[in-house]
Amino acid sequence: MSDDPNAAKQDDAKPEEAKHKSDQQDSHGKQQDDESKKNDSDGDDSDNGDSDDDDSDDGGDSKPKKPSIFKKPLFWIILIVVVAVVAIGGTLYYLDARQYESTDDAFVDTHIVRLAPKVAGTLKSVADVDNRHVEAGRLLAVIEASSTGAQVAEAQANVKQAEAQVEQNRAQVAAAQANRAQAVAQARAPLATAAKARQDLARYEALLRIDPSAVAGQQLDAARATARSTAADAAAARQQIDSADANILVARRQVTAAQAVIEARKASVQQASITLGDNRLVAPVSGQVVNRSVNVGSYVGPGTQLLAIVPDHVWITANFKETQLRDMKIGQTVEIKVDAYPDVKFLGHVDSVQRGAGQAFALLPPQNATGNYVKVVQRVPVRIEFDAKNGPDPRRYPLGPGMSVVPTVKVR
């Protein structure tokens, strides 16, 4: 071992120089790594390969680059499968959707019955049937009768009076017939006497023509006087019979007139009874009572709405666009979705299609012949009936006018 201090210093400097060279090499390798990453970001594949070689040569610390996803076959297989599934699904959906026509411009409809009295008066009783189902003929309200009952009694009394007059006239007919029979009986003697006088006069006149001396002039004059007298008595008897016949005819016509009076009085009774019946309001149809606006003691007049009845028979009025009616026909099946019952699938069928768009029946229909014209697709009301036999019965659900529905008609 050398004792020279310079040699020791040189020996100490050698490791430091080696360390400095190693640091320079490390920094040079880092610079190459940075340049390699920069080249990778620019997309230069050839430079990437060189830098990878340099990295592996210099330090071996850099990671290998992942291949692009577009170069993997699995990606293209999955993409083709997805596109095929979407295309097939879209085609199937189109082929299925084109078989149906649907609209959300639809609602439950029916002919609401509004109950109103025909006479004025105070309500004596009102049935407590709010939002309840009633059968046809159920008594709903009674109006105080006031003078209507007296009118009925008066009309019935007039009928009885007319019937009594008929009986009296029939008795007069019987009396006239008896008088005629008496006149006929009383006329028999004068008629017989007149007939004998005419025969005697005819005999005398015949003898006078054969032998003028066979009949005295006095006998001939007496026979002629007797014939004239008896003829007058016979004429008077005939007039009595004719008068009796006339009396019978008059009596019979009086009976007919009295019977007509009876019919008129009965009509008055019927009218009074109808007026009395108008004081009792009954349900004309079966349905649910809604919108009651009166109570006991309320004064009502003719035409005052007391309540309304929603009938049991309801249907759907769907306002389809006119472009949706091309393949729509009566009898086609309909699937009905009611917003109030989304889980219930009602069934129905197309009952009828209104001949004309809804705007044509408006209070002020459009006049397209004036001013500027803008074409607007119109809507046409289509009536859809429920099929309770094949689906849920709508009477089991509180379906009422105005409730929103979405009907779907199978047109193909």
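The legends below describe close-up views of a predicted model. Residues are numbered from 1 along each chain as its sequence is written. Local features need pLDDT of at least 70 and side-chain atom pairs count only at pLDDT 80 or more, whereas totals for chains, interfaces and linings use all residues, and side-chain values use heavy atoms, without hydrogens and water.

**View A. An open sheet of 4 strands in the order 3-10-8-5.** Pairing in this sheet is antiparallel, where strands are DSSP runs of E of at least two residues, numbered from the N terminus, and two of them pair if DSSP finds at least two bridges between them. Strand 3 (113-115) and strand 5 (133-134) form the edges, each pairing on one side only. Strand 8 (residues 287-290) is joined to strand 10 (residues 307-311) by 4 bridges, and glycine 287 has proline 311 as its bridge partner in strand 10.

**View B. The lining of the largest pocket.** Of its 16 lining residues, Gln288, Pro311, Tyr397, Pro398 and Leu399 lie nearest the centre, and strand 8 and strand 10 each contribute at least two residues to the lining.

**View C. The surroundings of isoleucine 336 in the largest nonpolar core.** A nonpolar core is a set of buried (under 20% relative accessible area, 1.4 Å probe, protein chains only) Ala, Val, Leu, Ile, Met, Phe, Trp, Tyr and Cys residues joined through side-chain atoms within 4.5 Å. Among the 20 residues of this core, Ile316 and Ile336 touch the most other members. Apart from this core lies another, of 18 residues, including Val294, Val300, Leu307 and Ile309.

Methods. 1 Å grid on protein atoms, 1.4 Å probe; cavity = no way out; pocket = protein on both sides within 12 Å on 5 of 7 lines; lining within 4 Å. Buried < 20%, exposed > 50% of the residue type's maximum accessible area, 1.4 Å probe, protein only.
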